[in-house]
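This report looks at the inside of a protein and at an open space in it. Please have the sequence and the structure at hand as you read.

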Amino acid sequence: MRGKIFRSTLATAAAVLLANLVIVLGCLYQYFSTARVSQLKDELRLAAYAVEESGRAYLEQLTARDYRYTWTPDYRLTWIASDGSVLFDTAEPAENLENHGDRAEVREAFAAGESSSVRCSETLTERTLYYARALNNGTVLRISVSQATVLALVLVVVRPVLLVGILAVILSAVLANRMAGRVVQPLNTLDLAHPLENDVYEELSPLLRRIQQQRGQISEQLRELRARTDEFEQITGHMNEGLVVLDQKGTILSINPAARKLFGADPSCVRGDFLTVERGHEISRAIQSALESGHSEIRAERNGREIQFDISRIESDGAVIGTVLLAFDVTEQAFAERNRREFTANVSHELKTPLQSITGSAELLENGLVKPEDIPRFTGMIRTEAARLVTLVDDIIHLSQLDEGAAPDRETVDLLETAEDAASALRDSAAEKGIHVSVSGESVSISGVRSFLYEMICNLCDNAIKYNVENGCVEITVSSREREAVVTVRDTGIGIPAEYQSRVFERFFRVDKSRSKASGGTGLGLSIVKHIAQYHGAAIELRSEPGRGTAVSVVFPLHPANV
């Protein structure tokens, strides 16, 4: 018993010393880490304001040698575009850097506005803190700084710690040998379940308090572990993307509600094989490919939606321990890509048609193959096609500007007054076809761009005139209802078949191409109307019957100041 007490006393002294060292190092490290993170956020916030104000010029000034402010080399700024490409980096040329779109902090900053992450070096003696912030222009600015880890700090103080430990052991051995006999009896009656309730020597009180502290620390760690588990489940539970974590054998470790909905699974699938919720060979092969190469991607259709699956390998200490599967709904993105391809093809076709006509007529005139009496007709054709080409190019430029969100400042616009101006500008062309244009309704004001709203109404009226019948009429009505302002253009024209009504606002789409070409249309008028409406947060309603006319209503939301 005496020997056991002796060894226990020595062990206790060593444990207390080690615990104190861990606590002190941990507190110091936590304090300086917190201060470092706070400073990192402040640096990023200031840099974000400067980049939003000055853009690339500010970042270039940071790296300029003759710049009066010396950028701290510990910090590194990286400016990242919306597609993940690096626009600028204070440490490396942007062209030498890979795409950063898959970095956790960048991806989460695009989604949530701000994000941070920590990555350790392979030696675990240095870690890098990352903090990313989304800018108003759709890019992300990321700041990073290197920081020594706890392991590096321990390696620095290991020699004095060993010296202190040796001295403590020697002193403890002397005291333990002297006190062993006196302590045996109290130790035999210790109540370790309630350490502080024992009536023992004062010298044993630190040990008992330490035991009590350890019990409290263990309980706190268990509560913290449960809290972090709940936090992880809350975060993944509110994600729109599907998230599945698998171990190396394909067993489901975690699956969030979005993924369960996507795969039609229930919560009981956790700890089950992934094949029980997804039997597709393509995804199975993609998971296997990710285990072998580190990452794989695949697109598949689920419930009428196009889903992209990003699968990444999870490693720990150099060993593969599983995979993580993220599922993104890219239906709109795929639709936009198809639209861009169609737009490019349509632009090429629409530009080529008038150019061929102009070129052909010019060659005939140049080679003297046109009779003198036919020269005015050919020159008129060239002028007409050139005007059509100019109109088409203007519409394409305007549409591109609307796509980019470029617009003049907003002002208070009276929709009834704007409608009357548009009707006045089109009455002469309407009169040539015997079409009567009228404006009625009430004065309603909204916040918007006057020139855009004027063009929108003009395009709607122009379409109503072009596709109207002779001696028909076009009626423009401005009205208001609860928190909404409505502009309606109604005609007595040929109408739009039901199968085409969902496509008339697409670029270059025409129900009757021959009639549109005869009337001089570019096929972009209604597309411009749609973009102007979207810019003002308005919705478009279309009602039409073949042979009975068409009514197009643009519904604007009214803010409290406009009601």
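## The lining of the largest pocket

How do the residues of the lining of the largest pocket divide into nonpolar, polar and charged? In this predicted model, the division is 12 nonpolar, 13 polar and 12 charged residues. The lining consists of 37 residues, and those that lie nearest the centre of the pocket are Asp 102, Ala 104, Arg 107, Leu 326 and Phe 328.

The space in this largest pocket comes to about 1,800 Å³. Among the elements that give two or more residues to its lining are the helices α3 (104-112), α5 (205-237) and α8 (331-366), together with strands including β3 (114-120), β8 (295-302) and β10 (319-329). The strand β9 (305-316) is also one of these elements, and β9 gives the most to the lining, with 6 residues.

## The largest nonpolar core

The largest nonpolar core holds 41 residues, of which Leu 415, Met 456, Ile 457, Ile 476 and Phe 556 touch the most other members. Two or more residues of this core come from each of α10 (415-432), α11 (450-466), β14 (473-481), β15 (484-491), α13 (525-535) and β17 (549-557), and α11 gives the most, with 9 residues.

## A second core

There is also a second, separate core of 22 residues, and among them are Ile 255, Ile 287, Ala 300 and Ala 327.

Key: Residues are numbered from 1 along each chain as its sequence is written. This is a predicted model: local features need pLDDT of at least 70, side-chain atom pairs count only at pLDDT 80 or more; totals for chains, interfaces and linings use all residues. Side-chain values use heavy atoms; hydrogens and water are left out. A nonpolar core is a set of buried Ala, Val, Leu, Ile, Met, Phe, Trp, Tyr and Cys residues joined through side-chain atoms within 4.5 Å. Buried means under 20% relative accessible area, exposed over 50%, partly exposed in between (1.4 Å probe, protein chains only). Helices (H or I, at least four residues) and strands (E, at least two) are DSSP runs, numbered from the N terminus. On a 1 Å grid over the protein atoms alone, a cavity is a set of points where a 1.4 Å probe fits but cannot get out, and a pocket is an open set with protein on both sides within 12 Å along at least five of seven lines; lining residues have an atom within 4 Å of a point. Grid points are joined across faces, edges and corners, and a volume is the space filled by probe spheres set on the points. Ala, Val, Leu, Ile, Met, Phe, Trp, Tyr, Cys and Pro count as nonpolar, Asp, Glu, Lys and Arg as charged, and the others, Gly among them, as polar.
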